[in-house]
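The sequence and structure come first.

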Amino acid sequence: MTKKNRDLPPCVFESHGSYFYVKKSKWTPLGKDWQSAKRAYDELIAEPIGGMPALIDRVLNNIEPRLRASTVRQYATVARRLKKILAEFSPDQVKPKDVAAIKVALASTPNFCNRCLSVLRVVFQHAVEWQIVESNPCLAIMRHSERKRSRYLTDAELAAIRDSAGPRLQITIDLLYRTGQRVSDLLKIRRVDLNAEGISFAQGKTGTKLTVAWSPELKPAVERAKTLTGNVVSLTLLRNKRGKAPDYR
């Protein structure tokens, strides 16, 4: 294999009108014009300055546009912990034994630990694709077994929480209780989802479509929700007076 243009950077070849980065027989397309190809090449070979914390930030910034807002917040919390743990590491220094040590150190909070392992696995998946590291050190590390919820709120406990909440949260609690849906799906109810049969849902997590039928308690809760926006016309049901979705973080 020889280069048509010997002025190209190391491992970059031109073939059939496109530029490729070639390493270990893997051809990574960079683009058809040299300017965009050069930008892709610079990003591909760039070692993140600052080691693992910089790599974590780079990956999260890259995937954030494809994530839900709630997932972005969860990842940010996990990232802060990972960056603190791996502050002194460069990407190539992280080995399976180091990931196993993280698992042991966070064993007292198995659910949170599993989130850390999942995010770290995603980070290294990108690092492998960007050819920053040779392999993903997380692949051989198993997740903790997560404990199932041991108990649910009693009706009395739920009533006590509702009684101490403001009107907006009271309505939300009523709708959650009467529909049995996730908060994320409840916040996406549109006015057009209210029909003669009930409330239509397209569940975000499972993709399941269903209709929760009207009940004597559900209908009044929806009517109270409609009053939340005052005179502001909103396409969705649960909006505040400025037309924005409530934030229950």
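This is a predicted model: local features need pLDDT of at least 70, side-chain atom pairs count only at pLDDT 80 or more; totals for chains, interfaces and linings use all residues.

What covers the buried residues of helix 2? The cover includes helix 1 (34–45), helix 3 (69–85) and helix 5 (110–129).

## Overall layout

The protein has 9 helices and 5 strands. Starting at the N terminus, the order of elements is β-β-β-α-α-α-α-α-α-α-α-β-β-α.

Of the 249 residues in the protein, 35% are buried. The exposed surface comes to about 15700 Å², and carbon and sulfur atoms supply 54% of that area. Among contacts between residues at least 6 apart in sequence, 47% join residues at least 24 apart.

## Helix 2

Helix 2 covers residues 52–63, which is 12 residues. From its first C-alpha to its last it reaches 17 Å, close to the 16 Å expected at 1.5 Å a residue. Its buried residues are Met52, Pro53, Leu55, Ile56, Arg58, Val59, Leu60 and Ile63. Arg58, a residue that counts as charged, is thus listed among the buried positions of helix 2.

## Helix 2 against helix 5

How do the axes of helix 2 and helix 5 cross, and within what distance do they come? The two axes come within 10 Å and cross at roughly 90°, so helix 2 is roughly perpendicular to helix 5. On the helix 2 side, the contact is made by Met52, Leu55, Ile56, Val59, Leu60, Asn62 and Ile63. Helix 5 contributes Val119, Leu120, Val122, Val123, Phe124, His126 and Ala127.

By residue type, this contact of helix 2 with helix 5 divides into 12 nonpolar and 2 polar residues, with no charged ones.

## Helix 7

Helix 7 spans residues 167–179. Its 13 residues should span 18 Å at 1.5 Å a residue, and this agrees with its end C-alpha atoms, which are 18 Å apart. Directly after helix 7 comes Gly180, which has a positive phi, near 70°.

Which residues of helix 7 are buried? They are Gln170, Ile171, Thr172, Ile173, Asp174, Leu175 and Thr179. What covers them includes both helices and strands: helix 6 (155–163), helix 8 (183–186) and helix 9 (218–226), together with strand 4 (198–202) and strand 5 (209–213).

Methods
Residues are numbered from 1 along each chain as its sequence is written. Side-chain values use heavy atoms; hydrogens and water are left out. Helices (H or I, at least four residues) and strands (E, at least two) are DSSP runs, numbered from the N terminus. Buried means under 20% relative accessible area, exposed over 50%, partly exposed in between (1.4 Å probe, protein chains only). Contact means heavy atoms within 4.5 Å. Accessible areas come from the Shrake-Rupley method with a 1.4 Å probe; for residues, only the protein chains shown count as cover. The expected span of a helix is 1.5 Å times one less than its number of residues. Axes are lines fitted to C-alpha atoms, for helices over the stretch in contact, and angles run from 0 to 180 degrees between N-to-C directions. Angles under 35 degrees count as roughly parallel, over 145 as roughly antiparallel, 65 to 115 as roughly perpendicular and the rest as oblique.
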